[in-house]
Amino acid sequence: MAKKKDTQNQKTKDLKQYEKDAENKVMTTNQGLKVNDTNNSLKSGERGSTLLEDFLLREKITHFDHERIPERIVHARGSAAHGYFELYKSIEKYSKAGIFTDTKRKTPVFTRFSTVAGSKGSPDLARDVRGFAVKFYTEEGTWDLVGNNMPVFFIQDAMKFPDLIHAVKPEPNNEIPQAASAHDTFYDFVSRTTETLHNHIWAMSDRAIPRSLRMMEGFGIHTFRLINAEGTSHFVKFHWKPTLGVHSVTWDEAVKINGADSDFHRRDLWDAIEAGHYPEWELGIQVVPDEDEHKFEFDLLDPTKLIPEELVPVEIIGKMTLNRNPENFFAETEQVAFLPGHIVPGIDFTNDPLLQGRLFSYRDTQLSRLGSHNFHQIPINRPIAKSYNNQRDGHMQMEIPKGNTAYFPNTLGGGCPYMAKIADGGFHSYEERIDAKKIRTRSESFNDHFSQPALFYRSLADWEKKHVADAYTFELGKCKHTYIKERMLWLISQIDKDLAKQVAEGLGLKIPKKIDEPINQALGADANVKKHQPPKKKNYLDSDGALSQANTKFDSIATRQIAVLVADGFSMSDFKKTKKALEKEGAMLKLIAPHGGTITCDENMEHEVDAAMMTTESVLFDAIYIPGGKKSVNALKNEAKYKKFINEAFKHCKAISADNEGVDLIDETFVADYKDDATIIINKKPKNFIKAISKHRNWDRMDIASKVPA
Ligand code: HDE
């Protein structure tokens with residue numbers, strides 16, 4: 001079997017790699033001393049006490065004691081991969097950056113995806129925003145685009161970030177709940193900080209529970225600037241569009257996946273890259289000329305607002321491919337340090353007050369996380385453009401700077417390193433005109449907090465709207481304080497009355513007619529609160545197609561995981577036909593059997609089992625196939641978990657296909673009465689099955705599916 005061969009190849013590959021690394025190497029201490037025994041400590045006699053003198057024991061244990069560094073305060077749970085970025089066409093009219101003008105370059109990248117609220121070991125399928133951070137190692141220096149999988153953020157000013165994070169993290173008295181926003185402190189904050197409502201409704205949507213890290217969009221969120229060779233500035237928003245489309249799981253699956261495989265996203269990314277199915281995202285830009293800064297109904301500097309693609313289309317300019325897994329998680333994924341302040345000539349900041357605060361925070365956090373201001377010398381953080389300057393010394397200096405000059409200007413060092421002219425690539429900040437009072441306030445142009453959440457909700461398909469209503473109901477249902485829930489209900493009613501009605505029903509509460517206190521409490525004590533109340537929502541666009549996952553790509557089943565339910569005696573001809581057709585399209589078939597090891601088909605061939613039924617769940621797959629074979633199907637009929645597997649896949653609106661006797665197994669399940677060509681494909685050509693899988697889910701089945709007792 002090809003499968004068996006693959007596993008053997010992998011084993012041989014792993015062994016070879018290990019042998020290569022350790023080839024002819026004797027174990028040594030960190031000082032290069034050859035070690036003769038790493039299993040026993042030095043003792044006073046065979047049964048005596050351990051001696052303080054044992055430097056071998058102390059080196060080994062001391063190193064171990066310090067193996068952990070503080071995890072990231074946010075985005076602690078992450079997975080990353082190496083790859084490259086290629087530019088489709090030069091955008092020199094907007095930017096002079098080499099990465100945006102040279103189409104021959106293959107710029108190396110390292111990309112880290114993350115959840116925000118949970119600890120390093122938290123499960124992957126938490127309802128949460130996902131971090132999407134890309135380090136471009138460009139020839140002119142490193143550019144970090146540190147974004148998320150949602151196009152807006154919760155707050156408008158960096159000053160509020162510690163409040164937001166303290167509210168969403170586990171409550172400080174009992175450290176509950178882990179990796180979950182469904183608790184009182186978060187909703188206490190959200191219901192008093194109306195600027196959060198836009199990002200919050202995105203977090204209540206399917207975007208917060210992606211099917212795969214490979215199937216989510218990325219956004220730079222802030223408006224940045226592009227600067228061309230003439231020094232002209234254009235505003236820009238960055239977008240990453242996955243070539244596999246944007247797809248999510250349901251909440252019921254997310255909860256179950258967290259139990260069945262809490263590394264689901266990490267494993268999926270790793271496996272896809274190992275199998276050569278390299279994930280890809282196209283980079284898009286929305287460009288706004290400087291003179292159009294004030295032509296929108298919202299402020300471009302407000303990070304809680306997106307620019308609808310209907311108003312400014314996204315121009316696709318290049319592609320990122322991730323093609324190499326890290327070799328060491330700690331050295332690369334954990335130690336990588338992204339800084340929004342890392343930019344290159346041709347890209348610049350705006351005055352977005354959230355971005356401005358981030359420019360300080362990320363350098364600062366690395367000092368406590370990585371322990372030294374020399375963190376840029378760690379291999380994963382080193383630029384490919386070699387650095388020369390007069391910074392010296394300090395904790396963990398890993399280079400040996402030469403010469404006796406560490407100052408500028410100098411003559412002893414020949415005046416080096418010398419300054420670069422702007423024309424030769426010297427960085428020069430965009431000369432923005434500033435003439436203003438020094439003032440601690442929020443711009444009134446940031447006040448509109450309801451129009452865009454409403455636009456988002458209006459733009460969703462019915463099934464997406466239902467998921468949003470369910471998510472609000474779940475989250476608020478977990479809060480203990482009724483007045484917090486009521487405040488939220490009133491705010492949701494300002495976004496959409498019907499949505500609020502559904503949530504109120506689920507909570508068993510009434511939507512308050514009004515709330516007495518000022519709505520937006522996120523202002524200073526002396527602020528003119530009235531001036532900053534969110535105004536009535538506007539409707540400057542009925543809907544924006546790009547906001548709904550119903551408008552994503554449904555043209556591929558590449559990398560989709562198909563569970564093949566089999567026991568001894570399954571029909572090889574059925575299996576062969578389906579396998580050939582599905583694998584041609586890039587899908588991955590996994591044999592699920594009553595036991596591990598191998599099983600035998602009706603042609604007496606042995607097949608390696610991918611997972612024993614006991615060790616797996618339907619939520620880990622995209623679709624199910626049941627080949628015929630009387631003996632096989634009879635055996636499966638006796639195992640209750642197979643029926644649960646099928647019912648549950650149907651509940652999650654996934655494609656199920658059966659051939660010949662395989663249909664008998666379906667007939668034993670809840671879904672027996674719902675066989676049709678859309679979800680349950682019986683004795684049809686594999687192309688019908690392929691079509692159903694490529695739809696990702698058959699949402700038309702949502703109502704029936706909700707009745708499935710799985
Ligand atoms: Fe972050 N954020 N953030 N953030 N953020 C961090 O930096 C912070 C914000 C984002 O995979 C920390 O190195 C402040 C917006 C990602 O390593 C920290 C503010 C966006 C990652 C930090 C924000 C992000 C971080 C924690 C408000 C989307 C993970 C560890 C002013 C555009 C990067 C670290 C990785 C990480 C601070 C807001 C995305 C503490 C103060 C907006 C993807 O520095």
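A residue counts as buried when its relative accessible area is under 20%, as exposed when that area is over 50%, and as partly exposed in between. Keep this in mind for the exercises below, and remember that the structure above is a predicted model.

**Exercise 1. Find where Ser-205 sits, and decide whether Ser-205 is buried or exposed.**

Step 1: Locate the residue. Ser-205 belongs to the loop that runs between α5 and β5 (218-219).

Step 2: Apply the cut-off. The relative accessible area of Ser-205 is 3%, so Ser-205 is buried.

Step 3: Look for its partners. Once residues up to four places away in sequence are set aside, Ser-205 touches Arg-127, Phe-456 and Val-468.

Step 4: Check the polar side of the picture. A polar atom in the side chain of Ser-205 lies 2.6 Å from the backbone oxygen of Trp-202.

**Exercise 2. Work out which residue gives the iron atom of the ligand its donor, and describe the shell around the ligand.**

Step 1: From the protein, the iron atom has a single donor, the OH of Tyr-362, at 1.8 Å. Tyr-362 is placed in helix α9 (residues 353-369).

Step 2: Widen the view. The ligand is surrounded by 23 residues, and the closest are Arg-72, Arg-112, Arg-358, Tyr-362 and Gln-366.

Step 3: Sort the shell by class. Eleven of its residues are nonpolar, nine are polar and three are charged.

Step 4: Pick out the polar pairs. An oxygen atom of the ligand is 2.6 Å from a polar side-chain atom of Arg-112. For His-75, an N or O atom of the side chain is 3.4 Å from a nitrogen atom of the ligand. For Tyr-362, an N or O atom of the side chain is 2.6 Å from a nitrogen atom of the ligand.

Step 5: Trace the shell back to the fold. Two or more residues come from each of β3 (130-138), β4 (141-148) and α9. The largest share, six residues, is given by α9.

**Exercise 3. Find out what the backbone does at His-75 and at Met-396, and say how open each residue is.**

Step 1: Recall the background. Most residues other than glycine have a negative phi.

Step 2: Read the angles. His-75 is not a glycine, yet its phi is positive, near 60 degrees. Met-396, also not a glycine, has a positive phi of about 60 degrees.

Step 3: His-75 is in the loop between α2 (55-65) and β1 (78-87), while Met-396 lies in the loop between α9 and α10.

Step 4: Use the cut-offs again. His-75 has a relative accessible area of 19%, so His-75 is buried. Met-396 has 52%, so Met-396 is exposed.

**Exercise 4. Locate two cis peptide bonds, one ending at Pro-177 and one ending at Pro-417.**

Step 1: Recall the background. Most peptide bonds are trans.

Step 2: Take Pro-177. A cis bond links Ile-176 to Pro-177, with omega about 0 degrees. Pro-177 is in the loop between α3 (161-168) and α4.

Step 3: Take Pro-417. Here Cys-416 and Pro-417 are joined by a cis bond with omega about -10 degrees. Pro-417 is in the loop between α9 and α10.

**Exercise 5. Describe the surroundings of Lys-89.**

Step 1: Find the residue. Lys-89 is in the loop between β1 and β2 (107-115).

Step 2: Classify it. With a relative accessible area of 35%, Lys-89 is partly exposed.

Step 3: List the contacts. Apart from neighbours within four places in sequence, Lys-89 is in contact with Phe-100, Thr-103, Glu-315, Ile-316 and Ile-317.

Step 4: The side chains of Lys-89 and Glu-315 make a polar contact at 3.0 Å. Phe-100 is eleven residues from Lys-89 along the chain, and their C-alpha atoms are 7.9 Å apart.

**Exercise 6. Explain why helix α12 is largely enclosed by the rest of the structure.**

Step 1: Describe the helix. Helix α12 (residues 482-495) has 14 residues and reaches 20 Å from first to last C-alpha, close to the 20 Å expected.

Step 2: Count what is hidden. Ten of its 14 residues are buried, so α12 is largely enclosed. Among them are Arg-487, Trp-490 and Ser-493.

Step 3: Name the neighbours. The buried residues of α12 pack against α4 (184-192), α5 (197-203), α10 (451-459), α11 (462-477) and α13 (497-507).

Conventions: Residues are numbered from 1 along each chain as its sequence is written. This is a predicted model: local features need pLDDT of at least 70, side-chain atom pairs count only at pLDDT 80 or more; totals for chains, interfaces and linings use all residues. Side-chain values use heavy atoms; hydrogens and water are left out. Helices (H or I, at least four residues) and strands (E, at least two) are DSSP runs, numbered from the N terminus. The expected span of a helix is 1.5 Å times one less than its number of residues. Buried means under 20% relative accessible area, exposed over 50%, partly exposed in between (1.4 Å probe, protein chains only). Contact means heavy atoms within 4.5 Å. Donors are N, O and S atoms within 2.8 Å of the metal (3.2 Å for Na, K and Ca); water is not among the atoms, so sites may look incomplete. A residue is near a molecule or strand if one of its heavy atoms lies within 4 Å of it. A polar contact is a pair of N or O atoms within 3.5 Å; within protein, one must be able to donate a hydrogen and the other to accept it, and residues adjacent in sequence count only if both atoms are side-chain atoms. Ala, Val, Leu, Ile, Met, Phe, Trp, Tyr, Cys and Pro count as nonpolar, Asp, Glu, Lys and Arg as charged, and the others, Gly among them, as polar.
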